[in-house]
Amino acid sequence: MKNIGFLSFGHWSSGQGSQTRSASDVLHQSIDLAVAAEEIGVDGAYFRVHHFAQQLASPFPLLSAIGARTSRIEIGTGVIDMRYENPGYMAEESGAADLISEGRLQLGISRGSPEQVIEGYKYFGYDPAHGETDADLARRHTADYLRMLEGNAFAEPNPRPMFPNPPGLLRLEPHSPGLRERIWWGSGTRATAEWTAQQGMNLMSSTLLTEDTGVPFHQLQAEQIQVFRDEWAKHDWALKPRVSVSRSIFALVDERDRAYFGYRGQDADQVGYIDGGIARFGKSYAAEPDALIEQLAADEAIAAADTLLLTVPNQLGVDYNVHLLESILTHVAPALGWR
């Protein structure tokens, strides 16, 4: 068995064919897609977070709304850029969203990907300290956030508060027990996967790795997963870690699928540069179900992960994306032992 979720980038535009022409469209359709995905048996609804772009940016109102409309499906992010986040405010927001969903939040966080503006986190009031990099800033915010999620009291109470305080130091509220164990780090290298295990976070790996050794993407990603698990075994975290990978996978079962994605069947890994460093990008999968099953069976990273996130073309609308997800669940997943 494998958890299967969807990952939406939350784009909107006024371009021809777009079913999401405004931020309002994306937000409402994201809720509707999560509800419909739960109904057909999808396990998770995940959303990308990007700032200064026509994409989803503030995840907690959306995740809370989905939590209130659903009862089973996991809800999360892939990923929140911690360079932009106030750890205390985020602890309160995520605690509330997790309580609304009754413990179904699965938050992916990380240093983030290249953004639309230069050093955008500075517009949010965050600057790396002297000698810090922006990655250091993200990790510092992360350490503070994780510490607050543990629920320990740390703040000195006002001797004359507006409302009575319990005795002793105070913690942030609302606190959601167990959320700390459901935080994932979006890792792009084997080294950061090792660091993720050292922090006691789950591993989230996408279709991009910011390193390249010449081996196929899925093999390099499988190495990353093994590094993570080997390091996790050295620590006493008292829980079993989870690992997710994301893929663009399209089962071509009708003429619409072939028109939209038939050309993607010839995709291959690509090597490029991000932030001045080399990176390897994983390929997309698009084929008739029988061929797709054969191709996916050879993907070592999918086999190694317990959770697979299917990237969806959100601008094609809710109904078509439900069709894409149902096609995978019906025609592909059973043959691979995912269901």
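This dialogue reads side-chain features in a predicted model.

Reader: What should I know about the model before I start?

Author: The model is predicted: local features need pLDDT of at least 70, side-chain atom pairs count only at pLDDT 80 or more, and totals for chains, interfaces and linings use all residues. Residues are numbered from 1 along each chain as its sequence is written, and side-chain values use heavy atoms, with hydrogens and water left out.

Reader: How many aromatic pairs does a search of the whole structure find?

Author: Start with the rule. Rings of Phe, Tyr and Trp (its six-membered ring) pair if their centres lie within 6.5 Å. Planes under 30 degrees apart count as stacked, over 60 as edge-to-face, and the rest as tilted. Searching the whole structure gives 11 aromatic pairs.

Reader: Where do Phe52 and Tyr123 lie?

Author: Helices (H or I, at least four residues) and strands (E, at least two) are DSSP runs, numbered from the N terminus. Phe52 is in the loop between strand 2 (44-47) and helix 2 (59-69). Tyr123 is in the loop between strand 4 (105-110) and helix 4 (134-149). The pair therefore ties together parts that are 71 residues apart in sequence.

Reader: Which aromatic pair is stacked?

Author: Phe250 and Phe261 are stacked, at 3.8 Å centre to centre and 0° between the planes. Phe250 belongs to strand 9 (residues 249-251) and Phe261 to helix 7 (residues 255-261), 11 residues apart. Phe250 is buried at 4% relative accessibility. Phe261 is buried too, at 6%.

Reader: Which residues form one aromatic cluster?

Author: Phe52, Tyr84, Tyr121, Tyr123 and Phe124 do.

Reader: What lies over the face of Trp195?

Author: A charge sits over a ring if NZ of Lys or CZ of Arg is within 6 Å of the ring centre and within 35 degrees of the ring normal. Here Arg139 lies over the face of Trp195, 4.0 Å from the ring centre.

Reader: How many salt bridges does the structure hold?

Author: A salt bridge is a side-chain nitrogen of Lys or Arg within 4 Å of a carboxyl oxygen of Asp or Glu. The structure holds 20. Take Asp98 and Arg182: their closest N and O atoms are 2.8 Å apart. Asp98 is in helix 3 (residues 87-100), while Arg182 is in the loop between helix 4 and strand 5 (183-186), 84 residues apart. Asp98 is buried at 0% relative accessibility, and Arg182 is buried at 14%.

Reader: What does Glu119 form a salt bridge with?

Author: Its partner is Lys122, with 2.9 Å between the closest N and O atoms. Glu119 is partly exposed at 37%. Lys122 is partly exposed, at 37%. Elsewhere, salt bridges that share partners join Asp81, Arg83, Arg111 and Asp134 into one network.

Reader: Which residues does Asp299 touch?

Author: Contact means heavy atoms within 4.5 Å. Not counting residues up to four places away in sequence, Asp299 touches His218, Arg247 and Tyr285. Asp299 sits in the loop between helix 8 (289-297) and helix 9 (300-304). Asp299 is buried, with a relative accessible area of 1%.

Notes. Buried < 20%, exposed > 50% of the residue type's maximum accessible area, 1.4 Å probe, protein only.
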